[in-house]
Amino acid sequence: MDHTRTPLFSALREHAAQNPVQFHIPGHKKGLGSDPEFRAFIGDNALSIDLINIAPLDDLHQPTGVIEEAQQLAADAFGADYTLFSVQGTSGAIMTMIMSVCSPGDKIIVPRNVHKSIMSAIIFAGARPVFISPARDANLGIDHGITTRSVKRALEKHPDAKAVLVINPTYFGICANLKEIVDLVHSYDIPVLVDEAHGVLIHFHEDLPMSAMQAGADMAATSVHKLGGSMTQSSVLNVRKGRVNQHRVQTIISMLTTTSTSYILLASLDTSRRHLALNGHAIASNAIELAQAARAQINEIPGLYSPGKEILGGEATFDLDPTKVIVHVRHLGITGYECENWLRDNFNLEVELSDMYNILALVTPGDTQDSVDTLVTALRAMAEAHNGRNEVKELVVKIPEIPQLSLTPRDAFYGDTEVVAFKESAGRIIAEFIYVYPPGIPILLPGEVISQENIDYIVDHVEVGLPVKGPEDRSIQYVKVIVEEEAIF
């Protein structure tokens with residue numbers, strides 16, 4: 001296919017150049033009705049293509065023209081049979097995957113360290129999650145993916161599952177053997193769904209991990225905006241025909257998508273596909289080279305460690321994306337949170353994430369030698385400011401066992417609830433989420449039975465000041481649980 005073409009973006013530009021008289025939304029009408037300061041900052045070009053689904057510009061909900069052409073080009077670029085554009089981010093694409101294959105009561109096998117959009121979809125679909133614990137890295141204090149052996153055990157116990165969901169790569173860029181997992185799951189004639197939010201570049205370079213489509217997965221939600229150059233909130237859903245019904249996938253994504261679709265976001269997907277298809281190998285090569293050079297320099301800084309291919313070799317560490325630069329800071333006697341704040345306050349530098357022991361810096365096609373040099377300089381200064389001045393604490397990665405699921409997450413989420421003191425909630429069924437960072441795995445999900453071990457673990461983390469997310473009561477003094485019916489005598 002001719003990847004120099006941008007059917008949607010070109011149509012938008014041509015339409016704007018005709019300068020039609022508009023009696024349709026958006027009400028700013030090419031910026032004339034916008035706040036003047038905002039208009040001056042954004043620019044009239046952007047506002048001129050902030051349009052809606054009028055006939056010349058096609059309709060994302062039932063594309064037959066330029067959007068359909070743009071999606072076909074994207075499918076070719078990503079090696080998919082079908083590609084659907086998402087203006088609801090990768091979260092919308094992930095929810096579409098799950099809701100396309102799961103009905104109320106259906107089982108779906110998922111890692112425990114899932115993104116909240118996965119649990120949202122499970123609640124909306126009324127599905128029953130079968131959790132697999134991710135492999136934990138005792139040296140870095142982070143979670144990797146799920147192993148082929150753990151997937152095999154789950155399938156043997158739950159051969160009636162409607163799908164298996166895999167995160168590939170993980171947030172930290174680590175991959176299990178995806179092809180092996182896909183082949184195993186397909187031997188049960190079950191579809192494989194891939195959360196590929198952090199893997200758009202892996203489609204375009206042989207030195208990066210295998211993509212979901214290359215591995216034969218049935219659907220993959222891929223964030224083009226995270227690393228591929230499109231605007232925030234724009235993603236794609238790649239589909240392989242056979243085990244999933246692409247017409248149902250289209251119906252579900254339409255149900256989850258606003259009817260006021262942003263043509264600026266859609267145009268950024270169209271143009272980013274062009275850039276990746278034509279130049280993806282070169283820009284990925286540059287990002288890899290910059291990241292590897294940064295990693296080597298960071299590893300020369302006393303007190304810091306940036307892992308590379310030496311951590312590979314296990315089932316859950318089959319491959320890695322080197323553009324995800326993990327920096328382990330524990331040996332400086334500080335937390336990743338403290339490191340993140342120090343870099344912000346002293347170098348005006350923002351990282352992707354931090355946890356108890358690490359920070360994560362993303363090196364993308366938007367980076368240059370200057371930006372990477374700034375990162376290394378900042379880390380060197382931070383290490384000099386802290387090295388040898390603080391007590392180095394032992395790395396501890398403990399989480400309680402996965403609780404018993406007593407109700408489906410949907411039944412618990414929508415059930416009759418009451419609020420009780422969290423420290424006195426052992427034995428009750430929780431009706432909300434509780435996540436503790438680190439390591440980022442949900443500790444309690446709607447429908448699970450709260451144990452005293454859960455309570456002790458969460459309270460310990462709250463008391464040392466670590467972020468706890470999920471419950472309506474952010475202080476975690478109270479928690480929402482399912483109302484228990486009193487016995488009648």
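User: How many salt bridges does a search of the whole structure find?

Analyst: This is a predicted model, in which local features need pLDDT of at least 70 and side-chain atom pairs count only at pLDDT 80 or more, whereas totals for chains, interfaces and linings use all residues. Residues are numbered from 1 along each chain as its sequence is written, and side-chain values use heavy atoms, with hydrogens and water left out. With a salt bridge defined as a side-chain nitrogen of Lys or Arg within 4 Å of a carboxyl oxygen of Asp or Glu, the number found in the whole structure is 16.

User: In which helix do Asp270 and Arg273 both lie?

Analyst: The side chains of Asp270 and Arg273 meet in a salt bridge, at 3.0 Å from N to O. Asp270 is buried at 0% relative accessible area, and Arg273 is buried at 2%, where buried means under 20%, exposed over 50% and partly exposed in between (1.4 Å probe, protein chains only). Helices (H or I, at least four residues) and strands (E, at least two) are DSSP runs numbered from the N terminus. The two residues stand 3 apart, about one turn, in residues 263-298, that is, in helix 11.

User: Which residues do salt bridges that share partners join into one network?

Analyst: The side chains of Glu350 and Arg344 meet in a salt bridge of 2.9 Å, N to O, and Arg344 is partly exposed at 30% relative accessible area. Through shared partners, salt bridges link into one network the residues Glu340, Arg344 and Glu350.

User: Is Asp143 buried or exposed?

Analyst: Asp143 forms a salt bridge with Arg136, whose closest N and O atoms are 3.6 Å apart. Arg136 is partly exposed, with a relative accessible area of 37%, whereas Asp143, at 5% relative accessibility, counts as buried.

User: How many residues apart in sequence are the parts that the pair of Phe78 and Phe204 ties together?

Analyst: A search of the whole structure finds 4 aromatic pairs, for which rings of Phe, Tyr and Trp (its six-membered ring) must have centres within 6.5 Å, with planes under 30 degrees apart counted as stacked, over 60 as edge-to-face and the rest as tilted. The rings of Phe78 and Phe204 have centres 5.7 Å apart and planes at 65 degrees, so this pair is edge-to-face. Because Phe78 lies in helix 4 (residues 66-78) and Phe204 in the loop between strand 8 (192-196) and strand 9 (219-222), the separation in sequence of the parts tied together is 126 residues.

User: Which ring has Arg112 over its face?

Analyst: A charge sits over a ring if NZ of Lys or CZ of Arg is within 6 Å of the ring centre and within 35 degrees of the ring normal. Arg112 lies 4.5 Å from the ring centre, over the face of Phe131.

User: Which residue in strand 10 stands opposite Leu84?

Analyst: Two strands pair if DSSP finds at least two bridges between them, and strand 1 (residues 82-86) pairs with strand 10 in the antiparallel sense over 5 bridges. Strand 10 (residues 235-239) also pairs with strand 9, antiparallel and over 4 bridges. Both faces of strand 10 are covered, with Ser235, Leu237 and Val239 buried on one side and Val236 and Asn238 buried on the other. Opposite Leu84 stands Leu237.

User: Which strands stand at the edges, each with a single partner strand?

Analyst: An open sheet of 3 strands has the order 12-14-13, with antiparallel pairing. One side of each edge strand is left without a neighbour in the sheet because each has a single partner strand, and these are strand 12 (324-328) and strand 13 (353-354).

User: Where does Pro169 lie, given the cis peptide bond from Asn168?

Analyst: Most residues other than glycine have a negative phi, and most peptide bonds are trans. The bond from Asn168 to Pro169 is cis, with omega near -10 degrees. Another cis peptide bond, with omega about 0 degrees, joins Ile25 and Pro26. Pro169 is found in the loop between strand 6 (163-167) and strand 7 (174-175).
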